[in-house]
Amino acid sequence: MELYHCSPTAGLTVLLPNKTKYFGKPKQVCLTALKSMALLYGIRHFEYTYGYTEAKDLVYYEYFPGALEELYRGKSASLYRCIWREDMKTTQIPNEYVTAAGVAVAEESPVPDLYAALLEQEQLKALQILRWDQVSERMKENIRRVQWKEIVRARLLEQQDSPRAHYMKEKYPESWAMALEEKRRT
């Protein structure tokens with residue numbers, strides 16, 4: 001089975017185990033059976049807003065207007081193809097595989113523009129993209145609540161000069177206001 005890993009770092013011949021800064025996962029190599037899912041990880045970011053439909057189709061959700069284009073347009077990456085090994089385990093995330101050992105790269109493919117590559121995956125029906133204007137009001141309210149909880153959990157009100165706090169304040173102003181209101185009440 002072929003697995004994929006995407007990174008903004010080019011020229012890797014071995015994928016080494018790494019610990020993610022934001023997701024609390026152990027030191028490991030993360031791979032996926034879906035090229036489209038791998039491409040979503042071609043940027044370094046603290047939120048990857050994708051999920052699956054009931055039919056198990058991959059969907060990218062824009063959490064704010066123009067999110068896909070803003071985050072991915074003009075960003076280059078390398079898509080690494082690797083071969084599955086017996087020590088690779090599935091996770092609770094569909095199509096995700098992890099291993100604590102390094103993984104040899106079978107092939108590297110440059111991705112000059114991740115945005116264009118993701119739009120191509122959409123045309124190939126390998127990825128659904130739910131743009132902000134297609135997101136239901138119920139889902140928008142859920143996004144506001146999730147982001148409010150993340151602002152509180154990560155203590156971003158106390159780190160307002162950090163890039164992550166600035167991003168959350170700019171992209172999720174209603175969630176930021178909810179967190180400020182909660183802080184005022186306590």
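In this predicted model, helix H4, spanning residues 137-153, packs against helix H6, spanning residues 173-185, with an angle of about 50 degrees between them and their axes 8 Å apart.

| Helix | Residues in the contact |
|---|---|
| H4 | Ile 143, Arg 144, Arg 145, Gln 147, Trp 148, Ile 151, Val 152 |
| H6 | Glu 174, Ser 175, Trp 176, Met 178, Ala 179, Glu 182 |

The largest nonpolar core has 43 residues, and the members that touch the most others are Leu 39, Tyr 60, Tyr 72, Leu 114 and Met 168. Apart from this core lies another of ten residues, which includes Leu 15, Leu 31, Val 103 and Val 105. Leaving aside residues up to four places away in sequence, Tyr 72 touches Leu 39, Leu 40, Ile 43, Tyr 48, Tyr 60, Asp 113, Leu 114, Tyr 115 and Leu 118.

Glu 69 belongs to helix H2, which covers residues 67-72. With a relative accessible area of 36%, Glu 69 is partly exposed, because that class lies between the 20% limit for buried and the 50% limit for exposed residues. Beyond residues up to four places away in sequence, Glu 69 touches Glu 62 and Tyr 115, while its C-alpha atom is separated by 11 Å from that of Trp 132, which stands 63 residues apart from Glu 69 along the chain.

Methods
Residues are numbered from 1 along each chain as its sequence is written. This is a predicted model: local features need pLDDT of at least 70, side-chain atom pairs count only at pLDDT 80 or more; totals for chains, interfaces and linings use all residues. Side-chain values use heavy atoms; hydrogens and water are left out. A nonpolar core is a set of buried Ala, Val, Leu, Ile, Met, Phe, Trp, Tyr and Cys residues joined through side-chain atoms within 4.5 Å. Buried means under 20% relative accessible area, exposed over 50%, partly exposed in between (1.4 Å probe, protein chains only). Contact means heavy atoms within 4.5 Å. Axes are lines fitted to C-alpha atoms, for helices over the stretch in contact, and angles run from 0 to 180 degrees between N-to-C directions. Helices (H or I, at least four residues) and strands (E, at least two) are DSSP runs, numbered from the N terminus.
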